[in-house]
Structure formats: structure tokens, C-alpha cells
Amino acid sequence: MQLSIAVLPGDGIGPDIVKEAQSVLERVAEKFSHRIECQQYDAGGAAIDKLGEPLPEKTLAGCRASDSILLGAVGGPQWDHLSGSDRPERALLGLRGALELYANLRPAVLYEPLREACPLQADIAAGGIDIMVVRELTGGIYFGDRGRRQGRYGEEAYDTEAYGEAEVERIARTAFDIARKRKKHVTSVDKANVLESSRLWRSVVVAVAGEYPDVTLEHMYVDNAAMQLVRDPSQFDVLVTTNMFGDILSDEASMITGSIGMLPSASLGKERLGMYEPIHGSAPDIAGQDKANPIATILSAAMMLRYSFGLAAEADAVEAAVSEVLQAGYRTGDIASAGTTLVGTRKMGQLICEAL
Ligand code: IPM
Ligand code: MG
């Protein structure tokens, strides 16, 4: 199979981790006889410095022309003074919006060898953690009307949370379809006791649930969900929620599995074209120091193989290689614990390639 991939390393640790994920993809291509073609593009702060804008037309066009996108991370303190539409984050939001990648899948799994890195008490973690966070990615407050105006307390700024029926319907369908292949349990997270947009969200999710009688649906307020995630994470199977709630809850879900450096993501739309990236940020403090954990990005590459290319055996092989290396006791700093072997970004990538 011919796999054409647009690679957007971005900022901070982005280039460090993307390099390792690319090596893993090359190793997979070699092992399973695929042809892989990676084309690199500028995005985020790197693109601002070089070309004056976070998402240059060439990058967007290159992404559209590819079968799949691998992204590192964007952002850093040197671009913090820029206004909203000029910031590095625009690259990410622009790509998600322009390519209508509305379904963001963020699997939070507690790997057996990483139990030591799990910050929850052993009896709480004992039930295991295997949650698929399905985050709506192209609507809600991230993309709603915003602005400045004069208000009662002086200058006022506002951002709007709005959801349309068809928008909720398609993400609910994504969640139920995924649940069917898992434990058949969907928890829809909202704030329907306060927000009108959440009340619509809930009614649409209930309507979609009617088509999935074999899947159990539960509703949970977002504040309770944040609490339940650390009280008893084993109660969750598929968790579906809005753009902003999903942003927050997926960070929490990742941390209880040991480290935010472990959690991959897939952003999918109607077409086969998907974007794959770790859920963590650009960690500028450790950029270029061979310290970052490349596993979230490597597991994102595995999701690419599975979801964009339908290569399940290849994806399984990458995931198994990651497990094997963890089982053998190798750890980057973020997941290290007593008795394990500390390695850097490059070595972790190499070990995973060798396991493959
Ligand atoms: C994420 C990130 C982004 C988001 C930022 C960098 C814009 O936190 O992918 O979770 O909020 O979506
Ligand atoms: Mg986030």
C-alpha cells in the first residue's frame, strides 16, 4: 500500500517526538511491505517565524493532498504575546476546522507495566482504566462567536458555546459506533443543569441512542465526571462530550494512566483523511533535550495505521512493540519509577523500532 503522510512537527518537543514516530512508521512500512511517503510542512510557531503565519496555505494544501497528517505539537512562550488569530494554536484549530475533523478519539489506557506511574491509589486503579474519550472537535466554544464589547464592568470579552443538532448527532453516532466494538457503554458528559446548549446536546444524544438499543447510555454532568474519573475510572467505557469539556477531561484521563506523554489521538471527519497527534503540548522547557516521551506520538501513528489506512495488524504490531518495551522496563523521565531504566526520546524510539 502507498501511504502518503503530511508531517507537521511544529514547535517545542514536536520535532523530537515526530521524528521517532516517523521512524516507527518507516519500520512498519519495511516490515509489512508498504511504501511510505512523508512530506514535511511548517505549522504553528515554526511557520510564524519562517513565513509569518501559523497555517500557511502551502501547509493546508499539502495536508489536503495527503492521505493522512501526523502532527507534533504547537505553541510556546515566545508567541504568547500574539493575538488570537495569529497564535501558533491557530494552525491546529485551522486544520481541524478546514478539514472538518469533528471526531477526536483519545484512548486513555492504563498499561499494566505503568501501574507504578498511575497517581491513583492502588485499590482505585485495580479495576483498570480503558476509556475512549470521544471529543467533539469543530464546534462549541472553540469555534463560536467571540469578541469584545463595552459591558457593565468596562471592556468585556465573550466566547459563545453553540451546538447544532446535526453536529451533536454525528459525534453521538461516532461514540455509539465505537461503543459497539467495546463494552457497549456510552457516558455523555454535559452541563444540562445550567447550559441550554447542553440540554440540546442531551436530547439529541438520547434520540441517537434509540438506534443503538444494544448500547447503554448514561448522562453525567461535567463536574461529576471530573470527580468520577479519579474516584472510579473503571466505570467508563466510551465518554462523549463537547469540545471544551473534552479538552479538559482528556488531560485528566491521560494523567490517571500515568502521564500525559502516553496519550495519542485521532481526529477524523467524513473522509478518510485524518490527523494524528499526541494530546500533550509542546513542552518548550524540555525541547531538543532528548527528554520527551515519544510514545503518545508513536501510538498516534498506530491510530493512523488503523483508522486512515485500515491496517489493523500493523497498528496492533506498533501497540504491542510499545507494550513490550515498557514491559522490559524502559522509561522516559515522565513515567520513570524505581527499578526501571531511564532512556531518552531517541532511545525509546529505537527500542520500539527494534521490538517491531
Ligand atoms: C488539545 C490542545 C489544544 C486544544 C490547544 C493546543 C489549542 O490542548 O489538543 O487538547 O485545546 O484543543
Ligand atoms: Mg488539551
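Which helix gives the most residues to the shell around ligand 1? In this predicted model, that element is helix α4, spanning residues 89-98, which gives three residues to the shell. The residues around the ligand are E89, L92, R96, R106, R135, Y142 and D247. By class, the shell divides into five charged and two nonpolar residues, with no polar ones.

For R106, a polar side-chain atom lies 2.8 Å from a ligand oxygen atom. The side chain of R135 places an N or O atom 2.9 Å from an oxygen atom of the ligand, and for the side chain of D247 the corresponding distance to a ligand oxygen atom is 2.9 Å. On its own, ligand 1 has 320 Å² of accessible area, of which the protein covers 79%.

Shell residues come both from domain 1 (1-102 + 267-356) and from domain 2 (119-256), so the ligand lies between the two domains.

Note on methods
Residues numbered from 1 in each chain as written. Chains lettered and ligands numbered in written order. Predicted model: local features only at pLDDT ≥ 70, side-chain atom pairs only at ≥ 80, totals over all residues. Heavy atoms only, no water. Near = heavy atom within 4 Å. Polar contact = N/O pair within 3.5 Å; in protein donor to acceptor, adjacent residues only side chain to side chain. Areas by Shrake-Rupley, 256 points an atom, 1.4 Å probe, with all protein chains shown as cover. Helix = DSSP H or I, 4+ residues; strand = E, 2+ residues; numbered from the N terminus. Nonpolar A, V, L, I, M, F, W, Y, C, P; charged D, E, K, R; others polar. Domains from an automatic or database assignment.
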